Amino acid sequence: MDYVLDKSWSEKLSSRFEIDYKRQLFGWLNNEYASKVVFPPKEKVFAALNFVPINKVKVVIIGQDPYHTKGQADGLAFSCHNGTPQPSLKNIFKEIASDLNIQMSNSTDLTPWAKQGVMLLNTSLTVVEHLPASHSNALWHTFTTEVVKILNELNTPIVFMLWGNHAKSFLPILNNPNHLVLTAAHPSPFSANNGFFGCRHFSKANEFLTQHGLTPINWQI
């Protein structure tokens with residue numbers, strides 16, 4: 001199956017990129033998939049955008065790149081296809097349970113969030129098996145930066161959650177006062193105790209959405 005991209009995103013992004021860039025991106029991607037084991041599957045590369053059309057985005061959580069082990073990456077940042085909880089996701093669930101005083105299940109499939117308007121966007125949308133950050137390059141960075149710029153330009157209030165220095169690199173382009181930008185340490189076990197635990201981003205996001213007449217997110221998985 002070939003790449004699939006939501007119509008609202010396809011139309012918007014097509015007007016922002018030169019033909020040469022698109023040819024370069026997809027030419028490089030096709031070569032990578034043909035010559036290496038790359039995750040996620042082609043049809044899920046743009047899953048973060050496909051689940052949440054432009055006018056449905058309420059929350060944006062920015063990750064770095066997909067899981068690089070077979071059967072895990074599903075195209076959504078921090079989400080795990082095969083249900084094996086990864087350390088960062090475990091800590092995200094711990095913070096949600098503490099923040100909202102709810103019990104989280106053992107499911108690691110975050111599509112219930114995406115279906116409610118939570119864009120789980122990795123900066124690099126693909127990765128080579130067993131090689132983290134292997135597709136962390138200018139081609140993907142150009143693409144995802146443009147996605148964030150498009151969202152920043154919207155008037156409808158959006159919550160951006162930036163965890164760790166990598167995600168915080170988007171701060172300079174998030175200058176629309178209509179939006180709420182929340183920052184914290186990364187949920188990785190190496191940094192979660194340095195400001196991720198106790199950040200209360202999930203309750204803050206729901207308070208913001210409610211204040212602006214939008215339906216809050218049901219974070220319980």
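**Backbone, sheet and helices**

Colleague: Which loop is Pro40 found in?

Modeller: Pro40 is found in the loop between β1 (38-39) and α3 (47-51). Helices (H or I, at least four residues) and strands (E, at least two) are DSSP runs, numbered from the N terminus. This is a predicted model, with local features needing pLDDT of at least 70 and side-chain atom pairs 80 or more, while totals for chains, interfaces and linings use all residues. Residues are numbered from 1 along each chain as its sequence is written, and side-chain values use heavy atoms, with hydrogens and water left out.

Colleague: Is the peptide bond from Phe39 to Pro40 cis or trans?

Modeller: The Phe39 to Pro40 bond is cis, with omega near -5 degrees. Most peptide bonds are trans.

Colleague: And what about the phi of Phe78?

Modeller: Phe78 is not a glycine, yet its phi is positive, about 70 degrees. Phe78 sits in the loop between β2 and α4. Its relative accessibility is 11%, so Phe78 counts as buried (under 20% relative accessible area; exposed is over 50%, partly exposed in between, with a 1.4 Å probe and protein chains only).

Colleague: Switching to the sheet: what's the strand order?

Modeller: The order is β3-β2-β5-β6, an open sheet of four strands with parallel pairing. Two strands pair if DSSP finds at least two bridges between them. At the edges, β3 (118-122) and β6 (180-184) have a single partner strand each, so one side of each lacks a neighbour in the sheet. On average, neighbouring strands are turned by 20 degrees against each other, direction ignored.

Colleague: How many bridges join β2 to β5?

Modeller: Three, between residues 59-63 of β2 and 159-163 of β5. Ile61, for instance, has Met161 in β5 as its bridge partner.

Colleague: Which strands does α8 touch?

Modeller: Helix α8 (residues 201-211) packs on the sheet and touches β2, β5 and β6; contact means heavy atoms within 4.5 Å. The direction of α8 makes about 165 degrees with that of β5 (axes are lines fitted to C-alpha atoms, for helices over the stretch in contact, and angles run from 0 to 180 degrees between N-to-C directions).

Colleague: Last one: which residues of α4 are buried?

Modeller: Among them are Leu89, Ile92, Phe93 and Ile96. Their cover includes α5 (111-114), β5 and α8.
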